[in-house]
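Below is a short briefing on one structure. Please read it alongside the sequence and the 3D view.

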Amino acid sequence: MTIVDELKKCPYCAESIKREAVVCRFCRINLKTGVSIAKPEKSEPIKAKSGVMDGVRIGFGIFIVLPILLIIVVMVVFASPPSIGKSASEVSPPMTTQAMNQ
Ligand SMILES: [Zn+2]
């Protein structure tokens, strides 16, 4: 009863809306002015922009991560096998490789 009293029909979309409602929540038309409220949903361009930004970020990350990985791999490859014969007389071969890289 009270619920029915509090509701009224939207003259534009015939949905039950609250009597005090100024804007219909279904069709988003201002019941006083009859003007439809523009939807503030411009998510598509923002999504596209963010997607592009993500792509740029991923590409940038790859360009940063790949060389670092390469350097790490090269350092591991050069450091793990003790260079036989070449630096046998030296005390610490890893130190020399680091010094050479720097
Ligand atoms: Zn409506």
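Is Ile72 buried, partly exposed or exposed? Ile72 is partly exposed, because its relative accessible area is 44%, where buried means under 20%, exposed over 50% and partly exposed in between (1.4 Å probe, protein chains only). This is a predicted model, in which local features need pLDDT of at least 70 and side-chain atom pairs count only at pLDDT 80 or more, while totals for chains, interfaces and linings use all residues. Residues are numbered from 1 along each chain as its sequence is written, and side-chain values use heavy atoms, with hydrogens and water left out.

**Chain**

- The protein chain contains three helices and two strands, taken as DSSP runs numbered from the N terminus (helices H or I, at least four residues; strands E, at least two).
- Along the sequence the pattern is α-β-β-α-α.
- Of the 102 residues in the protein chain, 7% count as buried.
- The protein chain has about 9,100 Å² of accessible surface, 67% of it belonging to carbon and sulfur atoms; areas come from the Shrake-Rupley method with a 1.4 Å probe, and for residues only the protein chains shown count as cover.
- Contacts (heavy atoms within 4.5 Å) between residues at least 6 apart in sequence join residues at least 24 apart in 2% of cases.

**Zinc site**

- The zinc ion has Cys10 (SG), Cys13 (SG), Cys24 (SG) and Cys27 (SG) as protein donors, at 2.2 to 2.3 Å; donors are N, O and S atoms within 2.8 Å of the metal (3.2 Å for Na, K and Ca), and water is not among the atoms, so sites may look incomplete.
- The site is tetrahedral, with angles of 104 to 120° among the four donor atoms; four donors count as tetrahedral if all angles lie between 85 and 135 degrees.
- The donor residues follow the spacing C-x2-C-x10-C-x2-C.
- Cys10 sits in the loop between strand 1 (7–9) and strand 2 (16–18) and Cys27 in the loop between strand 2 and helix 2, so this pair ties together parts 17 residues apart in sequence.
- Cys10 is buried at 3% relative accessibility, whereas Cys27 is partly exposed at 22%.
- Cys13, in the loop between strand 1 and strand 2, is partly exposed at 27%.
- Leaving aside residues up to four places away in sequence, Cys13 touches Cys24, Phe26 and Cys27.
- The C-alpha atoms of Cys13 and Cys24 are 8.6 Å apart, and the two residues are eleven apart in sequence.

**Nonpolar patch**

- Ile72 is found in helix 2 (residues 43–79).
- A nonpolar surface patch includes Ile72, Phe60, Leu66 and Val76 among its members, with about 930 Å² of accessible area for the whole patch.

Technical notes:
Patch = residues over 30% accessible without salt bridge, like charges linked within 9 Å, V, L, I, M, F, W, Y side chains within 5 Å. Salt bridge = Lys/Arg side-chain N within 4 Å of Asp/Glu carboxyl O. Tetrahedral: all angles 85-135°; square planar, octahedral: opposite > 155°, others 65-115°.
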